[in-house]
Amino acid sequence: MINRFKSWDRAVFLRIGYEFDGPWNCYNADFYKQAFQYIKGRIDALGATKVATVW
């Protein structure tokens with residue numbers, strides 16, 4: 001997915017974990033933060049400079 005985004009000539013805003021703080025999703029806040037940081041790190045490692053993560 002990130003490689004596809006890199007091929008586009010425009011900015012992409014990627015929302016990771018839609019409505020993560022809603023109790024209906026049952027996300028663990030600490031695990032979510034770790035997952036978000038990991039995904040963001042992988043995006044950066046792939047050099048996707050036009051992909052912005054949205055909290």
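Analyst: Of the 55 residues of the protein chain, 22% count as buried. The model is a predicted one.

User: What is the order of the elements in the protein chain?

Analyst: The protein chain holds 2 helices and 2 strands, and from the N terminus on they run α-β-α-β.

User: Why is the pair of Tyr27 and Tyr32 called tilted?

Analyst: Two rings count as a pair if their centres lie within 6.5 Å, and planes under 30 degrees apart would be stacked, over 60 edge-to-face. The count by this rule is 7 aromatic pairs. For Tyr27 and Tyr32 the ring centres are 5.8 Å apart and the planes stand at 40°, so this pair is tilted.

User: What makes Tyr32 buried, and what is Tyr27 called?

Analyst: The cut-off for buried is under 20% relative accessible area, and exposed begins over 50%. Tyr32 has 6%, and is therefore buried. Tyr27 has 43%, and is therefore partly exposed.

User: How do you know that the pair of Phe36 and Trp55 is edge-to-face?

Analyst: The angle between the planes of Phe36 and Trp55 is 70°, and the label edge-to-face applies over 60 degrees. Their centres are 4.9 Å apart, against the limit of 6.5 Å for a pair.

User: Why does this pair tie together separate parts of the sequence?

Analyst: Phe36 belongs to helix H2 (residues 29–45), whereas Trp55 is in the segment after strand E2 (51–54), so the pair joins parts that are 19 residues apart in sequence. Phe36 is buried at a relative accessible area of 10%, while Trp55 is exposed at 53%. Leaving aside residues up to four places away in sequence, Phe36 touches Ile16, Thr53, Val54 and Trp55. Ring pairs also link Phe36 and Trp55 with Phe20, Tyr27 and Tyr32 into a cluster.

User: What makes up the largest nonpolar core?

Analyst: Such a core joins buried residues of nonpolar kinds through side-chain atoms within 4.5 Å. The largest has 11 residues in all, including Ile2, Phe5, Val12, Leu14, Phe20, Tyr32 and Phe36. Helix H1 (2–7), strand E1 (12–15) and H2 each give two or more residues to this core. H2 gives the most, with 3 residues.

User: What does the accessible surface of the protein chain come to?

Analyst: The accessible surface comes to about 4300 Å², with 56% of it belonging to carbon and sulfur atoms. The protein chain carries 8 positive and 5 negative side chains, and the centres of these two sets are 9 Å apart.

How values were computed:
Residues numbered from 1 in each chain as written. Predicted model: local features only at pLDDT ≥ 70, side-chain atom pairs only at ≥ 80, totals over all residues. Heavy atoms only, no water. Phe/Tyr/Trp six-rings, centres within 6.5 Å; stacked < 30°, edge-to-face > 60°. Buried < 20%, exposed > 50% of the residue type's maximum accessible area, 1.4 Å probe, protein only. Helix = DSSP H or I, 4+ residues; strand = E, 2+ residues; numbered from the N terminus. Contact = heavy atoms within 4.5 Å. Areas by Shrake-Rupley, 256 points an atom, 1.4 Å probe, with all protein chains shown as cover. Lys, Arg positive; Asp, Glu negative; His and termini not counted. Charge placed at Lys NZ, Arg CZ, Asp CG, Glu CD.
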